[in-house]
Amino acid sequence: MTSPTASFGHRERGSAVTALVSVIAALLIIGAVIAAFYYFGTPPPTSMGRVLSIDVYPIHNQSQGNLITQGVRAQNVAFNEVIVLANIELQNKAKVPIHLFDVAGYLYQPGANILRNSAAGEKNFHRVFLAYPDFKSKEGTPLPLDTVLQPGQKVQGQLIFHYPITLKQWKARSRMHLVVEWQHQNNLILKLKGSQTATSWQR
């Protein structure tokens, strides 16, 4: 004959197991709902891209001081700059034309300092190679910032970014990425990892 205490303990354990199963089932349902939201609620990417190559040129100029009032000569001024040539490829994955608005390069330095620079426009693009003929051989076809990509279309082009830093500061960077800004579409982020690149999205 089963004692009342044993029966009570058995029912108590059964209730605990039932409650545990209910909690697990509820968590699984919630997880499935969240997964379905992200899977069905996230629109497909409208574009893809990659960085084909990067060339970096440090510029160092030392200006001579000029005579000013009372015969006092100004101090020499050093000018440092790093010019980044980026050859990239973009592709329209949408079913409608997409319009390029801008491409910006974000350079992350130690101490959470971030330098942002928009790609040079077509006129300034050509002026760079006139001013610095030493790397004229690296000049490519510029990527117009008003480019329109038709569905499925791919385009390749070169972008130029300027940063007022030394080569040493460039080498000390933590990372750099390019943000491709489309009109009325999500931004496309091209991450640079050494010679490798990866694509992500920015909402």
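**A salt-bridge network and the cores of a predicted model**

In this predicted model, a network of salt bridges links Asp102, Arg116 and Glu181. Arg116 meets Asp102 through their side chains, with an N to O distance of 3.6 Å. This pair joins distant parts of the chain, with Arg116 in strand β4 and Asp102 in strand β3, 14 residues apart. The side chain of Arg116 also forms a salt bridge with that of Glu181, at 3.5 Å from N to O. Here the two residues are 65 positions apart, Glu181 lying in strand β7 and Arg116 in strand β4. Arg116 is partly exposed, with a relative accessible area of 43%. Asp102 counts as buried because its relative accessibility, 11%, is under 20%. Glu181 is likewise buried, at 17% relative accessible area.

The structure holds 5 salt bridges. Another of them is formed by Arg50 and Glu89, whose closest N and O atoms are 3.0 Å apart. This pair also links distant parts of the chain, from Arg50 in strand β1 (residues 47–63) to Glu89 in strand β2, 39 residues apart. Arg50 is partly exposed, with a relative accessible area of 41%, whereas Glu89 counts as buried at 11% relative accessibility. Side chains of opposite charge can pair when their charged atoms come close.

Strand β3 (residues 98–109) and strand β4 (residues 113–118) run in the antiparallel sense and share 6 bridges. Among the paired residues, Tyr108 has Ile114 of β4 as its bridge partner. The two strands form a hairpin with 3 residues between them, and Gly111 in the turn has a positive phi of about 85 degrees.

Of the 203 residues in the protein chain, 32% count as buried. Among contacts with a separation of 6 or more, 68% are between residues 24 or more positions apart. The accessible surface of the protein chain is about 13300 Å², and 58% of this surface belongs to carbon and sulfur atoms.

The largest nonpolar core has 28 residues, of which Ile88, Leu90, Phe161, Tyr163, Leu178, Val180 and Trp182 touch the most other members. At least two residues of this core come from each of β2 (77–92), β3, β6 (154–163), β7 (175–182) and β8 (187–193). Strand β2 supplies the largest share, 5 residues. Leaving aside residues up to four places away in sequence, Leu90 touches Met48, Gly49, Leu143, Leu149, Gln153, Lys154, Val155, Val180, Trp182 and Leu188. A second, separate core of 10 residues includes Tyr57, Ile83, Ala120 and Ile160.

The mean pLDDT of the protein chain is 80, and 68% of the residues score at least 70. Among the elements, β6 has the highest mean pLDDT (96) and strand β9 (residues 196–202) the lowest (45). Over residues 198–203 the pLDDT stays under 50, and the model has 25 contacts beyond four places in sequence for these residues.

Note on methods: Residues numbered from 1 in each chain as written. Heavy atoms only, no water. Pairing = 2+ DSSP bridges. Helix = DSSP H or I, 4+ residues; strand = E, 2+ residues; numbered from the N terminus. Buried < 20%, exposed > 50% of the residue type's maximum accessible area, 1.4 Å probe, protein only. Contact = heavy atoms within 4.5 Å. Areas by Shrake-Rupley, 256 points an atom, 1.4 Å probe, with all protein chains shown as cover. Core = buried A, V, L, I, M, F, W, Y, C linked by side-chain atoms within 4.5 Å. pLDDT = per-residue confidence, 0-100. Salt bridge = Lys/Arg side-chain N within 4 Å of Asp/Glu carboxyl O.
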